[in-house]
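Open your viewer and keep the selection tool handy. We will stop at the ligand, then walk through the sheets.

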Amino acid sequence: MSTAWKSRYAQRVKQIKSSAIRELLKITQRPEVISFAGGLPAPDVFPVDRFQEACRRVLEYNAHTALQYGATEGYEPLREMIARHLSRYSIRAKAENVLITSGSQQALDLIGKLLLNPGDKVLVEAPTYLGALQAFNAYGAEYVSVQSDNDGLRTELLEPSLRLGPKFMYVLPNFHNPAGTTLSEGRRHELVLLADKYGIPIVEDDPYGQLRYEGEHLPPLVVLDRENLRRDDGYSLGNVIYLSTFSKTLAPGLRLGWIVAPPDVIAKLVQIKQGADLHTSTFIQMVSYEVAKEGFLDEHVKLIRKVYGARRDAMLDALKHNFPSEVKWTHPQGGLFLWVTLPASMDCQSLFEEALKQNVAFVPGDVFYASPNGEGGHHFRLNFSYMQPELIREGIKRLGAAVKHQLHSRHAVHAS
Ligand SMILES: Cc1ncc(COP(=O)(O)O)c(C=O)c1O
């Protein structure tokens, strides 16, 4: 007799669904489709030669360590390098504050496991990163969503939600996925003060912070928390857990990210990670260290900024020339995405279908809302890092035609 596996699944996995984006990417991967749907870095900027050379060196000089089990905390020289790098942004972390993870996605999962009991509330922005919702859902999270605007999370709306006692807040201050917005400096100060006032910790997710194409770097929440409230010299008392990754600065296939947290939190996360995967690949950590060292990563990030900055400009320019004035979009100062707002009466799902007929794709906004209220139906996300500028221009032209077609057919329906 064969087992009815479904009836044996644990309660916690019943609410897990396959990511809507992954399903959608399957449709949009047809070669004739110009896809702005995925959040993919451009493969043409992967530093392939440097990786080849680094693999060779690691295997020639360090193969026995690289191919052996390693420490759960991560490869020590890499943790030290990350700590040094963070100190440039005034994040006073030591290697002991850094846990290497298998991508930031694992960091989100480990944090969910560490902090969430079924039914616990997580305060998130509306919209927010879909992958975080997927990670937290597995631990039975419920959500309190707070609106954001062009300056990020609307901190003036926070207090009633903080009074509901969320376990923590999950916030993306830089070049938000999906909104492309940046949390203003004033709101950053307000956010850490309110977090402190209500005793609610912050998980600050920052995969894109280095990819700024215009404007000045803004202080991370983890820095403002220390400077405004702790007045300690290091990273022992903080109210903020900080996450980042090599996915957007080196390559996402490495699956290499990190958590920065007070040492006692790191110690607990280490125990949890042991149960998940023992440690992140030693070989990949050593190779990535070889690639990143001696200033290469800094130089490479400059190249990425140049390439993606030009693609962002190509998209903004094409939107200006091809989209009707009823449609609005954000102006991202960095990162990979911008967020389009349709007139309230226009429906994103039917636009998506029309766009696919024109062989162009995006991600409809509703998947990015933890507490769906219909608002997502008027938004969509566009990625500008993956496609070359000529294809960006052509894709936005097609999308503009699809938008106009929808608008006109709507007017026609209203008129009839
Ligand atoms: C906001 C955010 N957090 C985390 C991740 C996951 O990144 P990683 O590839 O490091 O797992 C992404 C990936 O797109 C992201 O946009």
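**First stop: the ligand**

Select Thr-245: one of its polar side-chain atoms lies 2.6 Å from an oxygen atom of the ligand, a polar contact (a pair of N or O atoms within 3.5 Å). This is a predicted model, where local features need pLDDT of at least 70 and side-chain atom pairs count only at pLDDT 80 or more, while totals for chains, interfaces and linings use all residues. Residues are numbered from 1 along each chain as its sequence is written, and side-chain values use heavy atoms, with hydrogens and water left out.

**Second stop: the eight-stranded sheet**

Colour the strands (DSSP runs of E, at least two residues). An open sheet has eight of them in the order β2-β9-β8-β7-β6-β3-β4-β5, with mixed pairing; two strands pair if DSSP finds at least two bridges between them. Because β2 (98-101) and β5 (152-153) stand at the edges with a single partner strand each, one side of each has no neighbour in the sheet. Select β8 (residues 240-245) and β9 (residues 257-260), which pair in the antiparallel sense over four bridges. Within β9, Trp-258 is the bridge partner of Ser-244.

**Last stop: the four-stranded sheet**

Finish with the open sheet ordered β10-β11-β14-β13, with antiparallel pairing.

Definitions and conventions:
Polar contact = N/O pair within 3.5 Å; in protein donor to acceptor, adjacent residues only side chain to side chain.
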